[in-house]
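Trainee: I have a model to go through before the group meeting. Can we take it question by question?

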Amino acid sequence: MPQYRLGHLERVAEIEERVSQHPGMFLIGCAYRGVGISDCIHEGELVADRVMEYLNSRPSESGTREHLDQKTPRNKY
Ligand SMILES: Cc1cc2nc3c(=O)[nH]c(=O)nc-3n(C[C@H](O)[C@H](O)[C@H](O)COP(=O)(O)OP(=O)(O)OC[C@H]3O[C@@H](n4cnc5c(N)ncnc54)[C@H](O)[C@@H]3O)c2cc1C
């Protein structure tokens, strides 16, 4: 398995701080918080929830958000 360089978590924190200044932009993948498949799945679920929160915070074109008012389904991994 590959390993991150020393200081990785600090770099990720800085990247996430910069990305937070761009609402609607989300980063995901093995480059950030774990290369194992289970890490990637866990992060995917967390980011999917954040995407849903972001989408639910915005009015839709039809004026309703009902189609988005649900949590991301969880798998059994
Ligand atoms: C040979 C090998 C063996 C491994 N064995 C294990 C193991 O036994 N256990 C374990 O826990 N981990 C293992 N890993 C690590 C783990 O598989 C990866 O870290 C993990 O799958 C990465 O997930 P990811 O979603 O970040 O990236 P990926 O799984 O690479 O997914 C990225 C996806 O994005 C797609 N994509 C790329 N560019 C674009 C684009 N421009 N537009 C649309 N789609 C795009 C790609 O086609 C791909 O489907 C292994 C990795 C490798 C390479």
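Mentor: This is a predicted model, and we will go through its fold, its first residue and its ligand.

Trainee: How far does H1 reach from its first C-alpha to its last?

Mentor: H1 has twelve residues. At 1.5 Å a residue, the expected reach is 16 Å. The model comes close to that, at 16 Å.

Trainee: Does H1 lie largely in the open or is it buried, and why?

Mentor: Count the buried residues among its twelve. That number is zero, so H1 lies largely in the open.

Trainee: What percentage of the chain's residues count as buried?

Mentor: A residue needs 20 or more other C-beta atoms within 10 Å to be buried. The chain has 77 residues. The share that counts as buried is 0%.

Trainee: Is Met1 buried or exposed?

Mentor: Met1 sits in the segment before helix H1, which runs 8–19. It has 5 other C-beta atoms within 10 Å. The limit for exposed is 12 or fewer. Met1 is therefore exposed.

Trainee: How far apart in space are Met1 and Gly36, C-alpha to C-alpha?

Mentor: In sequence, 35 residues separate Met1 and Gly36. In space, their C-alpha atoms are apart by 8.1 Å.

Trainee: How many residues around the ligand are charged?

Mentor: The ligand is surrounded by Gly29, Cys30, Val35, Gly36, Ile37 and Cys40. Four of the shell residues are nonpolar and two are polar. The number charged is none.

Conventions: Residues numbered from 1 in each chain as written. Predicted model: local features only at pLDDT ≥ 70, side-chain atom pairs only at ≥ 80, totals over all residues. Near = placed C-beta within 6 Å. Nonpolar A, V, L, I, M, F, W, Y, C, P; charged D, E, K, R; others polar. Helix = DSSP H or I, 4+ residues; strand = E, 2+ residues; numbered from the N terminus. Expected span 1.5 Å × (residues − 1).
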